[in-house]
Amino acid sequence: MGFLYDMAVNFMTEQRGIFVTVFLMPVSVVWDIMFALRSWLIMALYSAPELHKQRVQEASAQVRDATTNAPPGTKLCTARGGWLSISLSLRPYKKVATNISINMYDILELNETESYVHVEPMVNMGQLSHYLIPRGYTIPVLPEMDDLTVGGLFMGTGIEASSHKFGLFDEFVIEAEVILASGEVVTCSKTQNRDLFDALPWSYGTLGFLVSCKIKVIPCKPYIRIEYRGCHNKKQGLELFTKASCMDIPPDFVECIAYSSETMVVMTSDMVDEDAVEKDKINKIGRWYKPWYFKHVEKMLEISSPEKPHVEYIPVRQFFHRWTSAIFWELEQIIPFGNHPLYRALLGWFTPSVALLKLTQTEAIRKTYEEQHIVQDMLVPISKTSEALDVFDTHYQIYPLWICPYRQYDYSDATTEHRHFLRKPNKPNKEGYEMYVDLGAYGVPRPCLEKKPFDVIKSSRAVEKYVTEANGSQMLYATSYLSRDEFREMFNHAHYDKMKQKVDPNDFFPQVYEKVCKGAMNFWQAKAGDKKLD
Ligand SMILES: NC(=O)C1=CN([C@@H]2O[C@H](COP(=O)(O)OP(=O)(O)OC[C@H]3O[C@@H](n4cnc5c(N)ncnc54)[C@H](OP(=O)(O)O)[C@@H]3O)[C@@H](O)[C@H]2O)C=CC1
Ligand SMILES: C=C(/C=C/[C@@H](C)[C@H]1CC[C@H]2C3=CC=C4C[C@@H](O)CC[C@]4(C)[C@H]3CC[C@]12C)C(C)C
């Protein structure tokens, strides 16, 4: 028996591409179909808003049970399995904290008069875009991977190529319904319980449980007209990118992929109506046989230039989820033959979900991802993009890199302090924001590819230090090596601390640091006693 188990583990580790193709992909498809059927049935047969009230009461009762006469040191978190989360971490705290089930997967209402969609927290981006686009709507910032959830994006953060116009995901959440540690259910918005509302983004579920929220919707057109500009010179590429991001009336979407320290493709796009589409330039990138999107974009280095962009039209939903099929470019490492035309033609419709990849990770794979793989997003002012790219090049040496602009707002005014967990921008413009960029590094650092020594902690800490000094931040789904003090330096705790004290005086929820940073492992280990944490 032991022998068979060892053989299976070896196969899953050594022949990952074959294992994923033969086993994981079909399971992913069945999983997706079951989930889609479930949502369709619920929307069609049940009155979801009515069930919602009942589910909130049940969750609130769970919280009350967990916190009434609770033993000292009791901590709460959601019961969503760590393997389901879009991060490399298996969320070790879930093994010791009391898990509260927030089984809320439904879209409750689309209110066209007031332009919002009311959703439960486990609704994911794939579900939302399938629901909204046929009705002519989208949300302003629709992060590109299907499995990202509203709860994770609002209590964490979310970014998309529209963030240079709209800011981060939380900017257009207009109301939230939260269960506090006392079990009380509170509705908050800019006009009601504003203190709590302002503290929720980036709080990582440490102030309460989100049970629903209302997100603004905007009209959505059926196609995206995209212009690709291949650049072979870093300075020229970044000038183009910065200009497009900061225009008075910018394109609807701006993003850039760097393929080396000097080459990049700048992409600017707008939503267009069907009658504006040049039919011979339609590219249905989401069709199963199409090459992985990052490979398609790479070709633009050869066939386009700053002066002569390559233009195409992509159906809107396929554009929104353009990075899903190759998980940006991560799938290339797992299935090196996955972009072969034959593989695309026969098996291109299968995409393994991040959750199933995590669930079937062997210990050896987990260790490789921890020590010889980088998954990091760093947010820095756009004026520092060139310098930050040099820092990435020195410490990570990973290409492609994702470069995505976004607005970082200064929320302070004459009466209110800056309350956001992200620090105030140093140079806000007259509209109150400074343009920042997200630099996303996903892949194997060059030294590891060349079998040379690579110290992940040293490199990551050097980049984190640079980002703090640049008045930037690290996205916290990633592995953070910051110490508690460094974490408090990188993030603005002023308002968060006050709200934590106010709504969770008995510390039933952990601190953000304790949920997201590597350095908090000792905290959980102490609570776990003999239990083995990952
Ligand atoms: N384009 C983008 O913006 C991308 C963003 N990401 C990152 O992925 C993460 C989202 O992934 P996803 O799998 O959806 O979420 P996760 O399960 O990773 O949850 C993220 C955090 O939100 C908390 N949370 C989630 N739901 C609730 C809720 N109902 N009430 C209270 N807290 C909640 C979780 O708490 P707990 O641990 O207790 O469950 C956790 O701390 C975000 O951190 C995001 O930044 C990743 C890829 C792309
Ligand atoms: C934050 C952004 C994008 C991030 C993604 C590229 C990464 C987020 C989580 C990452 C992954 C989680 C778990 C995995 C299991 C492993 O066995 C294989 C790798 C991976 C699939 C890994 C891949 C990268 C992520 C999906 C941006 C857009 C702001």
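Biologist: Before we start, what should I know about the numbering and the confidence limits?
Modeller: Residues are numbered from 1 along each chain as its sequence is written, while chains are lettered from A and ligands numbered from 1 in the order in which they are written. The model is predicted, so local features need pLDDT of at least 70 and side-chain atom pairs count only at pLDDT 80 or more, whereas totals for chains, interfaces and linings use all residues.

Biologist: How is the chain divided?
Modeller: There is domain 1 (49-219), domain 2 (224-325) and domain 3 (373-500); these bounds come from an automatic or database domain assignment.

Biologist: How many residues of domain 1 and domain 3 are in contact?
Modeller: On the domain 1 side 22 residues are in contact with 20 residues of domain 3, contact meaning that the C-beta atoms, placed from the backbone, lie within 7 Å. Helix 7 (194-199) and helix 6 (163-166) each supply at least two residues of the domain 1 side, and helix 7 gives the most, with four residues. Helices (H or I, at least four residues) and strands (E, at least two) are DSSP runs, numbered from the N terminus.

Biologist: And what is the make-up of that side of domain 1, by class?
Modeller: It divides into 11 nonpolar, nine polar and two charged residues. Ala, Val, Leu, Ile, Met, Phe, Trp, Tyr, Cys and Pro count as nonpolar, Asp, Glu, Lys and Arg as charged, and the others, Gly among them, as polar.

Biologist: Turning to ligand 1, which residues are closest?
Modeller: Ser85, Gly151, Gly152, Gly156 and Gly205 are the closest of the 29 residues that surround ligand 1. A residue is near a molecule or strand if its C-beta atom, placed from the backbone, lies within 6 Å of it.

Biologist: Which element gives the largest share of that shell?
Modeller: Helix 5 does, with four residues. By class, the shell around ligand 1 has 15 nonpolar, 10 polar and four charged residues.

Biologist: What about ligand 2; which residues come nearest there?
Modeller: Its shell holds 20 residues, and Phe328, Glu330, Val354, Leu357 and Tyr442 come nearest. Two or more residues each come from helix 13 (354-359), helix 14 (363-371), strand 14 (374-381) and strand 16 (433-443). Domain 1 and domain 3 each contribute at least three residues to the shell around ligand 2.

Biologist: Is Ile365 buried, exposed or partly exposed, and why?
Modeller: Ile365, which is found in helix 14, counts as partly exposed because it has 18 C-beta neighbours inside 10 Å. A residue is buried if 20 or more other C-beta atoms lie within 10 Å of its own, exposed if 12 or fewer, and partly exposed in between, with C-beta atoms placed from the backbone.

Biologist: What is Ile365 in contact with, beyond its neighbours within four places in sequence?
Modeller: Thr13 and Arg16. Ile365 and Thr13 are 352 residues apart in sequence, yet 6.3 Å apart in space, C-alpha to C-alpha.

Biologist: Now strand 10: why is it described as largely enclosed?
Modeller: Strand 10 (residues 223-231) is largely enclosed by the rest of the structure because eight of its nine residues are buried.

Biologist: Which strands does strand 10 pair with?
Modeller: Strand 10 pairs with strand 12 (residues 264-272) in the antiparallel sense over nine bridges, and Cys231 stands opposite Met264 there. Six bridges join strand 10 to strand 13 (residues 310-315), also antiparallel. Strands pair if DSSP finds at least two bridges between them.

Technical notes. Two residues are in contact if their C-beta atoms, placed from the backbone, lie within 7 Å.
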